[in-house]
Amino acid sequence: MKTRSEQVAAHRPHYQDELAHGLARFFEPPRRTCPWCASHLLRERLRTTNHPQRKPGSFVLDTCHSCGHVFQNPRLSAEGLDFYYRDCYDGLGEATMARMASSPLAVKLYRTRARAMLPYGRPGRWLDVGTGHGHFCAEAQRLHPGTEFHGLDWGEGVEIAARNGRIARAFRGSFPGLAGQLAGQYDVVSMYHYLEHTLAPRHELAAARTVLRTGGHLLVEVPDPQSAAARLLGRWWGPWLQPQHLHLVPLDNLRGELAEQGFTVVAVDRKEPHIPTDLTSAAVNVLNSVLPGEDLPWLPRKPGPLGRGIRALALLAATPALLVLLGVDLLLAPLTRRTRLSNAYRVIARRD
C-alpha cells in the first residue's frame, strides 16, 4: 500500500492540470432569485473559503430577505462538485473521516439520533440517505435490533459500509434518481446532515415520500442557519462548511414544504441535534487559514522543511488551547441546547 506522501504525489499532476484551466467552470452563473421562494430580495450573507481542505476558491452564501433561505451563490457546477468533493470523504480524506466518525462524540450523536425513532414503533426497514461509511447504521442497529438498515450515497463509502457489514444493502447514486425503484419499501428514511449538501432539497423530500410506506417516518437533521452562533462566529462557523453545503433551510421553510408534500410533522427538536464543537471548529478554521499548508496535491507546491516545521510547532502550541475550547463547548452544551445558540435542528414527519 502506498504511503500518504506517495498518494499525494500521484494525485498532484492531475489536480495541477485541472487548476491550470482556472476555477470559472466550477461554478454556475449567479442566481438573481431565491431558489426556495423565487424572491428577488437577496443579500450577501458571507464570503469565505474552503477551510477543511484548503482547495482554492472563494464561496458566497446569500440570504433571502423574504423567506430566510441561505444558499450558495454562485452554486457549484457538476465539475465543481466533483472537484471539491474528491478526496474529502473518500480517497485522501477517508482515514480522517473514519477517525471522526468513530470518535466518542460522534457515537453519542448516532445514539441520540437512533433513539429519536423509538417512540414511533419498530421499523422493519430503514433507509439512511447520505450514509457515508454507515457508522450511524451500525450504532442504530444496537437500539433497533430487528430493523434492516440500508444505505444510500453518491460516494464509494456506501459500498465500503456494506462490505464492512454496517448496512444490509447499499445504493450508490442520486436519491431522486433511485427512488422509483424503491417505492413504498421503507418504514423510516433518515437524512442526517444530508439535505444541505443537495442540489434540490425539495426533490430529495419528494423522493423520501416515494420510498416510504404510508404511515412511515422521515427524520431530517440539518444545520440551523438561524442559529445565533452563526451570527457570532461569522465566516468561521463550522456548519457553513463551504463549498459542500449548498442550501441551509430555516425550520419554518422545511415544515411548510413537508406539509405541502403530504407529511405531518410530529416532532421538532433543537436540543439533542446540537453538536457541541462551535468554538473548537471555528478555531480550527482560523488555524487552517493562517498556517502553512500541508502536503496536498491541489496546493501549488509541496511545503518545504521550514513550512512543515512552522506548521508542526504551531499545531503543537495550539493543541492545549483547542482542548480548552472543546472543554468549554462541552461544558456549555446543556445551556447552548436551550437557547438559539443551538447549531442544528431535527424534524420527524409522518407520511400521510
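## A walk through the fold

The chain carries 12 helices and 11 strands, where helices (H or I, at least four residues) and strands (E, at least two) are DSSP runs numbered from the N terminus. Keep in mind that this is a predicted model: local features need pLDDT of at least 70, side-chain atom pairs count only at pLDDT 80 or more, and totals for chains, interfaces and linings use all residues. Residues are numbered from 1 along each chain as its sequence is written, and side-chain values use heavy atoms, with hydrogens and water left out.

Start with the overall shape. A compact globule of 352 residues would have a radius of gyration near 20 Å, and the chain agrees because its value is 20 Å; that radius is taken over C-alpha atoms, and the globule rule is 2.2 Å times the number of residues to the power 0.38. Along the principal axes, the C-alpha atoms fill a box of roughly 60 × 50 × 45 Å. Of the 352 residues, 48% are buried, meaning under 20% relative accessible area, with exposed over 50% and partly exposed in between (1.4 Å probe, protein chains only).

Now for the inside. Nonpolar side chains tend to be buried together in soluble globular proteins. Here the largest nonpolar core has 33 residues, and L127, F175, V189, M191, L218 and L254 have the most contacts inside it. Such a core is a set of buried Ala, Val, Leu, Ile, Met, Phe, Trp, Tyr and Cys residues joined through side-chain atoms within 4.5 Å. Elements giving two or more residues to this core include β4 (125–129), β7 (186–192), β8 (212–223) and α10 (251–260). Leaving aside neighbours within four places in sequence, L254 is in contact (heavy atoms within 4.5 Å) with W36, L195, L205, V220, V249, Y345 and V347. A second, separate core of 18 residues includes A140, V158, Y192 and L219.

A140 also belongs to helix α5 (residues 135–143), where H135, F136, C137 and E139 are buried along with it. The cover over the buried residues of α5 includes α3 (94–101), α4 (104–115), β4, β5 (148–153) and β7.

Most residues other than glycine have a negative phi, and most peptide bonds are trans. A cis bond joins N73 and P74, with omega about 10°, and P74 is in the loop between β3 (70–72) and α2 (78–85). Another cis bond runs from Q242 to P243, with omega near 5°. R54 has a positive phi of about 65° and counts as partly exposed because its relative accessibility is 24%. D87 has a positive phi of about 65° too, but D87 counts as buried, at 9%.
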